[in-house]
Amino acid sequence: MQERHILGIDVGASGIKGAVVDIETGELLNERIRLETPTPSTPEAMAETFAELVRAHKWKGLVGCGFPSIVKHGIAYSAANIDKDWMGQNIIEVFSMASGCPVEVLNDADAAGLAEMRFGLGKGVDGVVLLITIGSGLGSALFIDGRLVPNTELGHIYLEGQKQVAEVYTSNNARKRENLSWEEWGQRFNEYLLHLERTFNPDLILLSGGASKRFDKYESFISTQIPVKPAQLLNAAGTIGAAVYAYQKFRKA
Ligand code: BGC
């Protein structure tokens, strides 16, 4: 194990995925291992799965973790798609106690964004770049001249005429739950993107997470002026970004 090799773990509402990452090249050094997120996804149950994933990698060093909530100084400040017991929990403590490894944590979409800005299509792009992750929820990462504005939570805005937040209307879960065709879902997602375009006027929108792999199915329904592209790292971005973040924190400490 070298200092630049870090275990990245992407904690999601349906799966917890991990791989060892070379943070200089962004390469995954092994096959990603995915374990089901336990139901209910309480801190105790998730901690056990997290520790199992660390053991499966025979890992003893620093772990970077992307987590699906607002994260400030290691604390969870929201719990939209995970058990409500996470509210106010110290994620770092919960996961490092269970795994025996030092852990650094950030929002999962922010993690995906960091990776895509460093190794993917966001590399060297100035101005405003917005990355949206489409999975169980909708996550967002906002960059200004390459610098992250953390915890933007743009999956929780309201679209005109909707009583529920955007992620209930147009996440990948919404598509599955309501059995929407790609065209029906694509039109909803386009409403969402048009709203983001009008309010943020970004230079580029990147898509990551589960549904980014199926971009060809809904690309034709997107009518924004600005370019919208599937992220180059697709859904490995969260794992890679978590490792990059942990390394940056470790270097600063
Ligand atoms: C959460 C975000 C998260 C996103 C994607 C949302 O429900 O509020 O924090 O980034 O899901 O997992």
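1. Ground rules. The model is predicted, so local features need pLDDT of at least 70 and side-chain atom pairs count only at pLDDT 80 or more, while totals for chains, interfaces and linings use all residues. Residues are numbered from 1 along each chain as its sequence is written, and side-chain values use heavy atoms, with hydrogens and water left out.

2. Strand 2. Helices (H or I, at least four residues) and strands (E, at least two) are DSSP runs, numbered from the N terminus. Strand 2 covers residues 15-22, and eight of its eight residues are buried. Buried means under 20% relative accessible area, exposed over 50%, partly exposed in between (1.4 Å probe, protein chains only). In a regular strand the side chains alternate between the two faces of the sheet. Here Gly15, Lys17, Ala19 and Val21 point one way, and Ile16, Gly18, Val20 and Asp22 the other.

3. Partners of strand 2. Two strands pair if DSSP finds at least two bridges between them. Strand 1 (residues 5-11) pairs antiparallel with strand 2 over seven bridges. The two form a hairpin with three residues between them, and Val11 has Ile16 as its bridge partner. Strand 4 (residues 33-36) is antiparallel to strand 2 over four bridges; Lys17 stands opposite Arg34. Strand 3 (residues 27-28) is joined to strand 2 by two bridges, again antiparallel. That hairpin has four residues between its strands, and Gly26 in the turn has a positive phi of about 80°.

4. An open sheet of mixed pairing runs in the order 11-10-9-12-13. Strand 11 and strand 13 (228-230) are its edges, each pairing on one side only. Neighbouring strands are turned by 30° against each other on average, direction ignored. Axes are lines fitted to C-alpha atoms, for helices over the stretch in contact, and angles run from 0 to 180 degrees between N-to-C directions. Strand 10 and strand 11 are antiparallel, with three bridges; Leu142 has Val149 as its partner in strand 11. Helix 6 (residues 182-200) lies across strand 9, strand 10, strand 12 and strand 13, at about 155° to strand 9.

5. The cores. A nonpolar core is a set of buried Ala, Val, Leu, Ile, Met, Phe, Trp, Tyr and Cys residues joined through side-chain atoms within 4.5 Å. The largest has 27 residues; among those with the most contacts inside it are Ile6, Leu131 and Phe143. Helix 8 gives the most to this core, with seven residues. Domain 1 (5-110 + 236-252) and domain 2 (125-231) both contribute residues, so the core lies between them. Domain bounds come from an automatic or database domain assignment. Apart from this core lies another, of 26 residues, including Val71 and Trp86.

6. Glu116. This residue is in helix 3. Glu116 counts as buried, because its relative accessibility is 0%. Contact means heavy atoms within 4.5 Å. Glu116 touches, among others, Lys123, Leu131, Leu206 and Gln232. Glu116 and Leu131 are 15 residues apart in sequence and 8.6 Å apart C-alpha to C-alpha.

7. Asn151. Is Asn151 buried or exposed? Asn151 is buried, at a relative accessible area of 17%. Asn151 sits in the loop between strand 11 (147-149) and helix 4 (166-170). A polar atom of the Asn151 side chain lies 3.0 Å from the backbone oxygen of Val71. Residues touched by Asn151 include Ser69, Lys72, Asn107 and Asp110.

Notes
A polar contact is a pair of N or O atoms within 3.5 Å; within protein, one must be able to donate a hydrogen and the other to accept it, and residues adjacent in sequence count only if both atoms are side-chain atoms. Lists of a residue's contacts leave out its neighbours within four places in sequence.
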